[in-house]
Amino acid sequence: MVSSKGLNLSPPPKQYGVTKPISMSGPMDADIQRSRELEKFLSDQGLYESKEEAAKREEVLGRIGQIVKDWVKQLTRLRGYTDQMIEDANAVIFTFGSYRLGVHGPGADIDTLCVGPSYINREEDFFFVLHNILSEMEEVTELQPVPDAHVPVMKFKFDGISIDLLYASISLLVVPDDLDISDVSVLYDVDEPTVRSLNGCRVADQILKLVPNVEHFRTTLRCLKLWAKRRGVYSNVTGFLGGVNWALLVARVCQLYPNAIPSMLVSRFFRVYTQWRWPNPVMLCPIEEDELGFSVWDPRKNPRDRTHHMPIITPAYPCMNSSYNVSTSTLRVMMEQFEYGNKVCEEIELSKAQWGTLFEPYFFFESYKNYLQVDIVAADIDDLRSWKGWVESRLRQLTLMIERDTFGKLQCHPYPHEYVDISKPCAHCAFFMGLQRKQGEIIQEGQQFDIRGTVDEFRHSINMYMFWKPGMEIYVSHVRRKQIPSYVFPDGYRRPRHPRVQSQQQSDKPCCEDGGACRIGSGERCLKRKKDPDAVDVKNDMPEKRRSISPQRRDSISPEIISHKFGGTSPCLAFAEGSETCEVDTKRFCPDDVEGGCTSNSSVITFLSSEVGSCKDIGNESVAGSSKGNNGSAYGSVEGSNNLRSSQSDSGDAGSVCRLENVCGDGNGVCQDGLREELEVFDISFTSFT
């Protein structure tokens, strides 16, 4: 028997996370070289701020700290507290998010939390009194309160620095300057919004404590955030992942590979999450129960937690799912992007690709054949800022509603970027959403996805905006890929199809033996495509089209926003074909001197049909719908896609319609018009806005 006495036995290495690490291996020479190349790439991309900007941020935070201290003292005095209380009255500023984690870049906003005493409330004191104080300051611009957000916030720029300011009133009469926000005692006797506000700082601190190497974590997180933005999956409000979600995912990979360096961690990130079996949760530490009684994420007890598709659990009590916004559709998009990242990283490790390949932008407008376009219009820039913020925060609900009403058969890809047509004089912006039927779904001949009632319900939820003003409008339209307006493209025009996109789309489609693209309807049929419809104009081969009260057709149909002044009304939206505008009822909304005409309040959005059996394309009906005022009925928010209902809507016309009807066929049931790319397209019906 061998005695261990006198042997130098080192303690086992510290375990990070809820499971043992996957590998304790450290870097090889090639990994070190790739990490150097990655860090150089990130630096060349301008992800690190200068010392001057860092100093300015510190100065701005100091000035905001003084403003909130003066604000609390002013309210303490007005409420008749003693002179000693007025002297001791205090508020403290904390940061969280990317700034607190140390991964912010130039121009990034600063997530900021103001912690105040128990007698200063959020509803009146913060969103009205402090809001008015800030609105009168020259340094403050673009002030936008969002009191009804999941985490209530006030957004503004202070001396050019973007600030997101939260407020938390804790159960203390005097807030000390050295308040330990990580102590669970700050959560005593506070409400749920306050807990969510406080947890931003508490979660950031816990993340930094739970990773093996903070610097490696920061470099990897910078890399993944840049990648997510380039690939269009960085946006919590749209249903993808925000900063804290990406931080938690990266931190978990750091725990699983504690001795890895950034180049290894980036590669392992994609390797891990392409294989992750959602909805198994990502957790950095065990979920902590506490006597305070706040609800923690637990699908065994909480039915709503069972509906979460991609649980990423925060490490600070009360542990919550930070990615509750993720839907079936957005999870699908992210998994596709993880697969892309994994494939590229494998090529990088084999020296077949460079880091720049990983960060190639995602060509959203080449990836789908059908899109929803949501145009947001307001009377001026200031109104647009608040109106856009509200609408953007509700776009996720439209995705959930469509999933719910089509039983998941119609998939949505909301794109988290806004677009502005600078040629238009009115204040407006647009968001887009890709649409496709669920892969492998058998579509009956002539089957339609009727989402008219869905869009109408979405419009009613938008109308609940408490700060609505005249001129705030929203228009939802269906556009095909060839009709995407040119202003969304970086150079103002459509670029040639990217080879990677073409090859990926072709590989995703089932093919017949002769190379034709197959479509399954009521029976299996093979539809040949001699050439790419996006690259060839086949109008000369087409029979003459039958027309119905419409001007001449043009390849590209894009919305025209016509700004005018007419009795104080707001700008209206019309959709033009060729050099004219679709004829719609202009009696209520537009002046006589506007060429073409604009939509009335009761104009329809879109009805599109591409029936396989008859091969008849009802083309592009006039696209324009608006929601005005707060006179719509109220609808609650949709928190999950598990509540299914049948869409009930009126199928009749509710306003003047501009219709272009195309009849096509070569005697064999194969379309011959210029929209042969739509052979794989489903039918989509919309409702009118009233």
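# Core, helices and sheets of a predicted model

Of the 76 residues in the largest nonpolar core, Phe 217, Trp 227, Trp 246, Phe 269 and Leu 358 touch the most other members. A nonpolar core is a set of buried Ala, Val, Leu, Ile, Met, Phe, Trp, Tyr and Cys residues joined through side-chain atoms within 4.5 Å. Buried means under 20% relative accessible area, exposed over 50%, and partly exposed in between, with a 1.4 Å probe and protein chains only. Two or more residues come to this core from each of helix H1 (29–44), H6, H7, H8, H9, H10, helix H11 (355–358) and S8. Helices (H or I, at least four residues) and strands (E, at least two) are DSSP runs, numbered from the N terminus.

This is a predicted model, in which local features need pLDDT of at least 70, side-chain atom pairs count only at pLDDT 80 or more, and totals for chains, interfaces and linings use all residues. Residues are numbered from 1 along each chain as its sequence is written, and side-chain values use heavy atoms, with hydrogens and water left out.

The expected span of a helix is 1.5 Å times one less than its number of residues.

| Helix | Residues in helix | First to last C-alpha | Expected span |
|---|---|---|---|
| H8 (243–256) | 14 residues | 20 Å | 20 Å |
| H9 (262–275) | 14 residues | 20 Å | 20 Å |

H8 is largely enclosed by the rest of the structure, because twelve of its 14 residues are buried. Among them are Asn 245, Trp 246, Arg 252 and Gln 255. The cover over the buried residues of H8 includes helix H4 (97–101), helix H6 (192–210), helix H7 (214–230), helix H9 (262–275) and helix H10 (328–349).

Twelve of the 14 residues of H9 are buried too, so H9 is likewise largely enclosed by the rest of the structure. The buried residues of H9 include Pro 262, Arg 268, Phe 269 and Tyr 273. H1, H7, H8, H10 and H11 are among the elements that cover them. Leaving aside residues up to four places away in sequence, Phe 269 touches Leu 224, Trp 246, Leu 249, Val 250, Val 253 and Phe 338. Contact here means heavy atoms within 4.5 Å.

Two strands pair if DSSP finds at least two bridges between them. S7 and strand S8 (residues 427–437) are joined by five bridges, and Gln 411 has Gln 436 in S8 as its bridge partner.

Strand S4 (residues 153–158) and strand S5 (residues 161–169) run antiparallel and are joined by five bridges. Lys 157 stands opposite Ser 162 in S5.

## Cysteines

The structure holds zero disulfides, a disulfide being a pair of cysteine sulfur atoms within 2.5 Å. The sulfur of Cys 345 is too far from others for a bond, because the closest cysteine sulfur, in Cys 223, is 7.6 Å away. Cys 345 is buried at 1% relative accessibility, and Cys 254 is buried at 4% relative accessible area.
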